[in-house]
Amino acid sequence: MATESSNGASIVTLKDVTKTFYRGKEPIHVLAGLDLDVPSGSFEALMGPSGSGKSTLLNLIAGLDRPTSGEVTVAGANLSRMSDGQLAKWRSQTIGFVFQSFNLIPVLTAAQNVELPLLLTDLGGADRKSRVATALRVVGLEDRMDHYPRQLSGGQEQRVAIARAIVNDPKIIVADEPTGDLDRKSADDVLTLMDKLNKELGKTIFMVTHDPAAAEKASVQRKLDKGALQ
Amino acid sequence: MNSATYARRNLSRRKGRTILTVIATAVAVLIFCAIRTVDVNFMAAVDDAMADRIATRHKVSITMQLPKRYIDDVRGIPGVTKATWGNWFDAKDPKERIPFFQGLAVDHESWFDVYDDMVVDPAQLAEWKTTPSGVIIGDKLAELFQVKPGDKLTISSGIYPGDWEFKVIGIYMPSRRTVDRNSVILRWDFLNNDPRAELVKDQIGWILTRIGGNSSSAEMSRAIDKLFDERDDQTVTMSERAFNLSFMGAFAAVLTAFDLVSIVILLIMTLILANTLAMSVRERTNEYGVLRAIGFPPKSIFGFIVGESLLLATLGGLLGCVLTYVLINLMLGPWLESGPMATMFPYFRTPPRVMALAMGLALALGLLAGLLPARRAAKLKVTDALRRVD
């Protein structure tokens with residue numbers, strides 16, 4: 001697992017970004033002229049009430065969606081100008097995802113779930129196995145490799161999801177309410193793990209959360225309200 | 001692990017649904033194979049007709065008789081090597097143990113020369129030629145009637161009244177699989193000399209001709225028909241295949257209806273597969289969103305779903321072929337061939353080519369069934385798919 005240098009240069013830059021959705025013919029302006037700089041190697045938490053545009057912003061940074069206007073530059077790539085296929089490839093190389101409800105594939109073991117992103121690379125079976133073992137060791141679940149998600153606790157499932165997020169050695173980890181479905185103890189374990197990934201491996205983490213305790217773990221807390229950063 | 005692992009494991013999520021879908025596909029394949037088996041076995045005699053044997057009948061209808069002297073005219077045509085004739089006897093079992101078998105009154109001197117694929121022991125043939133009331137019967141029919149050479153055999157006729165008593169002289173064996181083994185062959189002269197056949201005296205039903213190696217059946221057919229063109233009774237001559245086919249008559253229409261049913265069965269199979277796939281894809285929309293998010297392109301999602309559909313179709317197709325082999329080739333076929341239905345189905349087995357066709361169609365339709373749900377899932381926006389939780 002490579003250690004990222006945290007030189008303070010922006011890894012995420014948003015310039016005058018707007019995002020408008022339509023409900024029928026009625027426009028809903030979710031983000032309005034938003035500017036954002038996220039320094040490389042930072043651990044940022046984004047908070048805000050429901051409907052404030054947190055997930056929309058996260059989707060734009062993760063390359064899951066495109067802005068209506070403005071520029072989104074992440075890890076040197078201008079996402080606004082990339083096709084769906086280019087975005088998919090870029091995501092597989094640059095972004096690690098952690099979701100609220102873990103989103104593991106129930107019919108695959110922990111190791112197979114972690115291996116999924118590696119199927120998109122040219123790595124051979126032995127290399128993939130080695131990287132999967134490393135990722136599971138980082139999250140402390142090397143002894144649960146052959147367990148299916150239903151055989152794991154919620155906290156363990158989320159740690160497997162984090163292993164899946166880091167196995168490709170991404171530059172940025174985006175986490176959408178990573179502790180939302182966990183009890184306090186498991187949530188603390190997951191946050192400690194994310195802190196370790198940030199501090200020891202230098203991974204940039206951008207986390208959306210409602211949980212003030214989770215936000216406190218981050219080095220930067222931002223608040224989004226009505227499509228604008230406070 | 002590879003991408004196929006995911007498609008394969010998906011089948012184990014809802015085991016009950018997967019098992020039912022595989023069984024439904026297998027049953028569709030089995031029904032398709034059974035229908036095609038009926039078709040293929042009925043048509044086998046037609047398709048396996050001898051290329052150098054042609055048949056001549058009355059131009060108006062097979063039920064109209066020809067003057068017996070026509071046989072001499074045919075034998076005189078250059079290119080004709082052998083010729084014989086036969087009359088339909090419409091044989092029946094007076095005790096109704098056997099539902100259907102063929103009875104033919106034939107020329108005892110020439111019939112087995114023209115039909116050399118019905119093999120008779122020379123001694124039995126010689127005895128038959130000197131025994132007007134003798135019959136030679138197929139080996140299967142002999143089993144059904146439980147008679148052997150020397151026994152008496154009483155049959156009735158749908159044309160000629162009363163019971164007819166014969167002596168079994170010999171048993172013919174087929175030299176080819178498609179030769180009917182359930183015929184009773186009696187002498188034409190015996191029938192012709194009986195007062196009950198007074199109305200058709202010295203008349204023959206049809207002429208069967210073997211032609212020389214250099215003659216084409218079409219040319220020879222034209223030559224024969226031309227010979228009788230100016231006579232009172234004109235003829236129509238055709239290849240043995242066409243002649244056999246003309247006997248199928250209305251049954252050919254039934255076979256066509258069977259074919260249509262087999263197509264409907266396959267369409268139902270496709271709908272069952274498509275429905276299963278559509279339900280699975282709907283349940284997993286969020287999961288496909290996750291796969292797209294971590295970088296799997298739309299074509300991978302498409303491939304997972306089509307792969308799953310093909311896997312289902314393969315399992316169903318293979319099970320269907322195994323069921324076909326066991327139920328038809330090992331159980332139903334031998335039972336039909338040896339029981340009272342043997343006259344209808346002298347050979348009833350599903351050929352490997354029919355099973356291969358069923359398997360190929362199952363795969364093709366499995367692919368078709370997966371296309372629509374796969375296309376829909378592949379085209380979903382990642383953010384929409386991630387929001388979808390069923």
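Me: What makes domain 1 and domain 2 of chain B count as in contact?
Reply: Contact means heavy atoms within 4.5 Å, and 10 residues of domain 1 of chain B meet that rule with 10 residues of domain 2 of chain B. This is a predicted model, in which local features need pLDDT of at least 70 and side-chain atom pairs count only at pLDDT 80 or more, while totals for chains, interfaces and linings use all residues. Residues are numbered from 1 along each chain as its sequence is written, and side-chain values use heavy atoms, with hydrogens and water left out.

Me: What is the area buried between chain B and chain A?
Reply: It is about 2000 Å², with 67% given by carbon and sulfur atoms. Buried area is the accessible area (1.4 Å probe) that two parts lose on being put together, summed over both. Met1(B), Arg9(B) and Ile294(B) supply 34% of the area that chain B buries against chain A, more than any other three residues.

Me: Why is the pair Lys381(B) and Asp65(A) called a salt bridge?
Reply: The term requires a side-chain nitrogen of Lys or Arg within 4 Å of a carboxyl oxygen of Asp or Glu. The N to O distance for Lys381(B) and Asp65(A) is 3.8 Å, so the pair qualifies. The rule finds one salt bridge across the interface of chain B and chain A, whereas the count between domain 1 and domain 2 of chain B is zero.

Terms used: Chains are lettered from A and ligands numbered from 1 in the order in which they are written.
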